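Here is a short tour of a protein model, taking in its surface patches and one of its helices. Please have a look at the structure before reading on.

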Amino acid sequence: MVGTGAVIATAKHIPLVMMMTDEIDIYVEDAPDPDWVSDLIDGSIGRDSQFHRTFGYYGDGVSKRTATMPLDWRGRATEYTTPDRLATALCPSAEDIAIAKLCAWREKDQVWLREAFRVGVAKATDTIKLLGGELPESAPARDELLRRMSIMSPTGA
């Protein structure tokens, strides 16, 4: 999982404003045909599917390019296993998700970031440290990400 769903699955206490999503971004990392798997996710549990209508949320088949995170994010990720033990997801850390949201920089991402740093779901100082690491070429310039970070957490704490 990437995005807000990963944080919802792993955080102990998360404010309601950070949970305001009905989608879970899912990709299967080692799939031989990622586009086919993404289409399968969308078709079976995607938006407007029977699953969505029944449970009120849906899976969005995405690719590993959907979230721009530090290249070493897997070392900080945790596994989440569903209560029925039928599925396990690899969930990036809240700080890695924060970097993805800094990269995307949509209004909904900014709302999420402000709240995450305010309540400590993601630590601003740890996020800033991660910005010093290796980022994908597709990431905005490091100076721009630090500028965005200063807007989200002016104290850097």
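D33, D35, D39 and D42 form a negative surface patch. Such patches join residues with over 30% relative accessible area and no salt bridge, like charges within 9 Å and nonpolar side chains (Val, Leu, Ile, Met, Phe, Trp, Tyr) within 5 Å. A salt bridge is a side-chain nitrogen of Lys or Arg within 4 Å of a carboxyl oxygen of Asp or Glu. This is a predicted model, where local features need pLDDT of at least 70, side-chain atom pairs count only at pLDDT 80 or more, and totals for chains, interfaces and linings use all residues. Residues are numbered from 1 along each chain as its sequence is written, and side-chain values use heavy atoms, leaving out hydrogens and water.

A nonpolar surface patch of about 520 Å² is made by I8, L16, V17, M19, M20 and V111.

| Residue | Place | Relative accessible area |

Now to helix α4 (residues 94–104), a DSSP run of H or I with at least four residues. Because 10 of its 11 residues are buried, α4 is largely enclosed by the rest of the structure. Among the buried ones are E95, D96 and K101. The cover over the buried residues of α4 includes α1 (4–10), α5 (107–119), α6 (124–131) and α7 (142–152). Just after α4, W105 has a positive phi of about 60°.

Technical notes:
Areas by Shrake-Rupley, 256 points an atom, 1.4 Å probe, with all protein chains shown as cover. Lys, Arg positive; Asp, Glu negative; His and termini not counted. Charge placed at Lys NZ, Arg CZ, Asp CG, Glu CD. Buried < 20%, exposed > 50% of the residue type's maximum accessible area, 1.4 Å probe, protein only. Helix = DSSP H or I, 4+ residues; strand = E, 2+ residues; numbered from the N terminus. Contact = heavy atoms within 4.5 Å.
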